[in-house]
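Welcome, and thanks for taking a look.

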Amino acid sequence: MNSTTPTELLDAVRQFLREQVLPELEGFKAYNTRVAANALGIVAREIELGTRLAAVDQAMAASLGLNEQAGTITRQIALGLRDGTLAVDEQMLVYLRRRTLLAVAIDNPKYSALAEARARWPQSVNLSHCVFCEFSTRCTSPGIYCPHAIFPGNSATQTAGGR
Amino acid sequence: MTQAGAQQSEETLMADRLLAGLLHNMPADNADGAQISGLHRLSGGANMETWSFDLITPAQTQPLILRRAPGSSAETTAPIAPAERELSLADEAALITVAGRYAVPVPSVRLVLRTEHGLGEGYIMSRERGEALPFRLLAQERYANARRQLAFQCGQTLAHIHQIPLAELPAGVPDHSGEQLLQRAQALLDRYDNVSPVLQLGINWLREHARFSPQRTLVHGDFRNGNLLVDEQGLVAVLDWELAHLGDPLQDLGYITANVWRFDAPKPVGGFGEYAELLAGYATVTGSTPAMHDIRYWQVHAALSWGLVCLLMLGMYRSGQDSSLERAAVGRRLSEAEIDLLLLLEGEFL
């Protein structure tokens with residue numbers, strides 16, 4: 001058996017804050033305790049999904065021929081959009097949607113726009129190969145709704161396509 | 001001294017100074033036996049403090065609020081001025097007083113703090129009844145009637161704000177009209193390391209579709225669910241004037257209808273009302289109804305602004321200017337602004 005995992009520790013502290021500490025507090029301290037518990041939730045989800053977000057960025061960087069030594073991928077893309085050296089084409093929009101869907105799933109999966117976006121953009125994830133699972137070009141549903149990877153859109157706790 | 005003891009004595013000193021400042025303006029017979037009671041901090045990060053207390057005199061009990069800049073504890077008279085605050089707290093107080101004269105429901109300003117008060121920079125205003133917490137306003141049965149009135153009242157109130165003659169405004173109200181607004185947005189994104197391609201996409205779109213309004217009015221700048229004090233009958237007071245500026249009045253209409261300020265409730269106006277109600281309230285005062293097309297432009301701007309505020313707050317945390325948990329955590333709300341922008345801009349590029 002492994003020792004306690006980071007995710008287990010985070011969950012335990014979060015539960016402690018919510019169930020033991022919060023009922024004892026009010027006002028400013030109660031509010032901040034809620035913020036603290038939420039922050040631990042973000043870290044736990046980043047542990048679960050962060051590598052996928054990095055994979056989305058790296059796939060785009062490879063496609064655009066960006067050099068990862070030249071700064072973060074998102075910064076290079078933001079500067080390219082600012083200066084007009086990168087086009088806002090289908091590939092760019094699909095990339096931005098995919099990374100944003102993942103980022104919101106990490107930061108605030110209850111945010112109303114996430115359900116809306118998942119419902120609206122199933123097509124934004126139909127790609128030629130999957131970066132989320134080992135099947136790559138043979139994946140039956142490459143991208144955000146890849147059935148082979150544990151992704152919030154497919155997990156038991158949150159159903160894809162919300163509303 | 002224990003930490004609790006130190007806090008106790010700091011609050012006692014603060015209460016003494018509040019009393020001295022307030023009594024200075026008061027007839028002597030009223031001041032006899034006056035005291036400050038129930039002083040406690042309500043909320044806020046380190047960049048703005050809000051305190052609640054009562055001034056008890058033989059004649060009456062006055063519920064009051066102190067709003068002041070950080071670092072202005074009773075021991076320091078030189079507050080740390082946050083670089084991002086353009087409108088001084090004294091001008092904010094003056095603006096609230098002017099707005100009150102033009103049919104905008106606001107608290108009454110009782111005292112603008114000066115150096116000799118020893119309380120830092122800020123002002124004291126009346127503590128009005130009502131609720132400002134969005135989740136309570138949107139969920140509780142006791143506000144059901146208020147929710148039916150509120151969008152219309154917001155429309156009326158925004159129209160009153162937009163009709164305040166510019167000559168009446170304090171000189172410190174900054175001008176963000178025309179191209180300046182987007183130039184400022186780009187400068188902020190550049191300053192925070194161009195961290196978000198989606199915010200850049202938003203700035204590009206706003207630039208390409210810029211509408212330079214012939215109107216230049218006072219814009220509240222932060223008129224949203226959460227900054228509105230509401231009771232069972234509806235709107236009681238408009239709070240948080242620190243982002244007020246001159247600009248396109250429709251900016252406020254895009255802001256009050258922005259998705260992030262609906263708090264996951266379904267209705268477009270603050271989560272509580274419909275567009276038609278807001279616009280009807282606006283039209284009763286101005287005689288004209290803003291176009292949805294223009295409001296949508298300002299919704300894109302509101303989403304961008306939220307993203308930039310997240311970056312600004314994160315920047316304050318990283319620089320050590322404000323080490324509060326809330327500032328660190330709000331940085332992660334950037335992705336809310338990004339997904340709102342992508343949804344709003346769908347179909348605009350291809």
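Predicted model: local features only at pLDDT ≥ 70, side-chain atom pairs only at ≥ 80, totals over all residues.

**Chain A on its own**

- Let's start with the make-up of chain A, which has five helices and zero strands.
- Going along the sequence, its pattern reads α-α-α-α-α.
- Chain A has 163 residues, and 29% of them count as buried.
- If you take the contacts in chain A between residues at least 6 apart in sequence, 46% join residues at least 24 apart.

**Where the chains meet**

- On the chain B side, 28 residues are in contact with 33 residues of chain A.
- Four elements of chain B each give two or more residues to this side: β1 (35-43), α7 (197-208), α11 (325-330) and α12 (334-344).
- Of these, α12(B) provides the largest share, with seven residues.
- Sorted by class, the chain B side holds twelve nonpolar, seven polar and nine charged residues.

**A helix pair across the two chains**

- Helix α3 (residues 73-83) of chain A packs against α7(B) at an angle of about 10°, and their axes are 8 Å apart.
- Because angles under 35 degrees count as roughly parallel, α3(A) is roughly parallel to α7(B).
- From α3(A), the contact uses A:Thr74, A:Ile77, A:Ala78, A:Leu81 and A:Arg82, while α7(B) brings B:Pro197, B:Gln200, B:Leu201 and B:Asn204.
- The classes in this contact are five nonpolar, three polar and one charged.

**A helix pair inside chain B**

- Now turn to helix α10 (residues 292-318) of chain B, whose axis comes within 8 Å of that of α12(B), with a crossing at roughly 160°.
- Angles over 145 degrees count as roughly antiparallel, so α10(B) is roughly antiparallel to α12(B).
- The crossing of these two helices, α10(B) and α12(B), is left-handed.
- Residues of α10(B) in the contact include B:Val300, B:Ala303, B:Leu304 and B:Trp306, and among those of α12(B) are B:Leu334, B:Ala337, B:Leu341 and B:Leu344.
- In all, the contact of α10(B) with α12(B) has ten nonpolar, two polar and three charged residues.

**The nonpolar core**

- Which residues have the most contacts inside the largest nonpolar core? They are B:Val300, B:Ala303, B:Leu304, B:Ala337 and B:Leu341, in a core of 117 residues.
- Helix α10(B) gives this core its largest share, 16 residues.
- As general background, nonpolar side chains tend to be buried together in soluble globular proteins.

**A glycine in a loop**

- You will find B:Gly130 in the loop between β5 (122-126) and α4 (134-139) of chain B.
- Why does B:Gly130 count as partly exposed? B:Gly130 has 19 C-beta neighbours inside 10 Å, and a residue is buried if 20 or more lie within that distance, exposed if 12 or fewer, and partly exposed in between.
- Not counting residues up to four places away in sequence, B:Gly130 touches B:Leu229, B:Val230, B:Asp231 and B:Val236.
- Between the C-alpha atoms of B:Gly130 and B:Gln233 there are 9.8 Å, with the two residues 103 residues apart along the chain.

How values were computed
Residues numbered from 1 in each chain as written. Chains lettered and ligands numbered in written order. Contact = placed C-beta atoms within 7 Å. Nonpolar A, V, L, I, M, F, W, Y, C, P; charged D, E, K, R; others polar. Axes fitted to C-alpha atoms, helices over the stretch in contact; angles between N-to-C directions. Parallel < 35°, antiparallel > 145°, perpendicular 65-115°, else oblique. Left-handed = near helix turned anticlockwise from the far one by under 90°. Core = buried A, V, L, I, M, F, W, Y, C linked by C-beta atoms within 7 Å.
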